Amino acid sequence: MTIHVEQLSFSYGSHQVLREISFSVPKGQLCGLFGPNGTGKTTLFKCLTGVMPGKHEQHIFLEDKPLHGMPPKQRAQMMAYVPQEHTPPFPYQVKEVVLMGRTPYMGGVYGPKTSDYEAAVEAMEKTGITSLAEVPYTQLSGGQRQLTLLARAFAQQTEMLLLDEPTASLDFKNQMLLWKTIRSNMKAGKTAIICTHDPNHVFWFCDAVVVLGRQGSIIAQGRPQDVLTDEVLREIYGEISQVEQIGHRSVVMPFLDTVMDM
Ligand SMILES: Nc1ncnc2c1ncn2[C@@H]1O[C@H](COP(=O)(O)OP(=O)(O)OP(=O)(O)O)[C@@H](O)[C@H]1O
């Protein structure tokens, strides 16, 4: 599934956050969404998922169809969203939270089908949380909660994944597990947009990147190696790092001596 955003602007009241954003993510690509705090990345996700309905949705297209007017259930069959944080209102078990990913496919009074339970079990296996299935979600650590939300998104079996800082609370091994799982989704032809604050993750795991600047407009986009240059990183963060090469990989190294002197 291809997602296409054309001249999207969005304001909270008089506070304009997104300014004439245009980009496309073709089927099978993983696109990083990168930029300083408060530049509108989560807001962009909320525009895509329809949390804030409005005319701006006329500027977002899934396979050439505008999102505007698309019912939530239809949208949820096409895209799954992993939020940055989520506070559960009730102590549902992990397996019940994951099963909620199947809601867009349930209808009437019949409840979950065998295929829904199977999709939830598979999603828990993929994310390594099978042993947590019976644990109340309210008793999980931050990282375990994030893996549960990821499993819920996988259980939704959508063509498009929208992931808002999914590695933020994960330990190093789980970060790599997550990227591996996401990359395997790309191999299966899915499409994803992932917000991350780690430029190295963009370099190593993303096919493309969209960089949002402080004014809420795109300041660069394209292949990570072309886009995340010293100049662009300096523009958004100032003089704090430089891009180095280790083998054929790019690595953003902070100026550690400066940090230690502070
Ligand atoms: N519900 C809201 N009402 C009004 N302003 C909001 C609302 N949500 C976010 N904002 C403002 O919109 C701007 C963009 O916020 P957003 O959360 O989209 O940024 P972000 O790039 O995701 O930030 P971060 O990297 O810190 O997660 C911020 O100035 C924020 O204060």
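Modeller: We start with an aspartate and then turn to a sheet. This is a predicted model: local features need pLDDT of at least 70, side-chain atom pairs count only at pLDDT 80 or more, and totals for chains, interfaces and linings use all residues. Residues are numbered from 1 along each chain as its sequence is written, and side-chain values use heavy atoms, without hydrogens and water.

Biologist: Where does Asp-164 lie?

Modeller: In strand S7, residues 160–164. Strands are DSSP runs of E, at least two residues, and helices are runs of H or I, at least four, numbered from the N terminus.

Biologist: Is Asp-164 buried or exposed?

Modeller: Asp-164 is buried (under 20% relative accessible area, 1.4 Å probe, protein chains only).

Biologist: Which side chains make polar contacts with Asp-164?

Modeller: Thr-42 at 2.8 Å and Gln-84 at 3.4 Å. A polar contact is a pair of N or O atoms within 3.5 Å; within protein, one must be able to donate a hydrogen and the other to accept it, and residues adjacent in sequence count only if both atoms are side-chain atoms.

Biologist: New topic. What is the strand order in the open sheet of 4 strands?

Modeller: S2-S1-S4-S5, with antiparallel pairing. Pairing takes at least two DSSP bridges between two strands.

Biologist: Which strands stand at the edges?

Modeller: S2 (15–25) and S5 (65–66). Each has a single partner strand, so one side of each lacks a neighbour in the sheet.

Biologist: How many bridges join S1 to S2?

Modeller: 7, with S1 covering residues 3–12. Among the partners, Phe-10 bridges to Leu-18 in S2.

Technical notes. Buried < 20%, exposed > 50% of the residue type's maximum accessible area, 1.4 Å probe, protein only. Lys, Arg positive; Asp, Glu negative; His and termini not counted. Salt bridge = Lys/Arg side-chain N within 4 Å of Asp/Glu carboxyl O.
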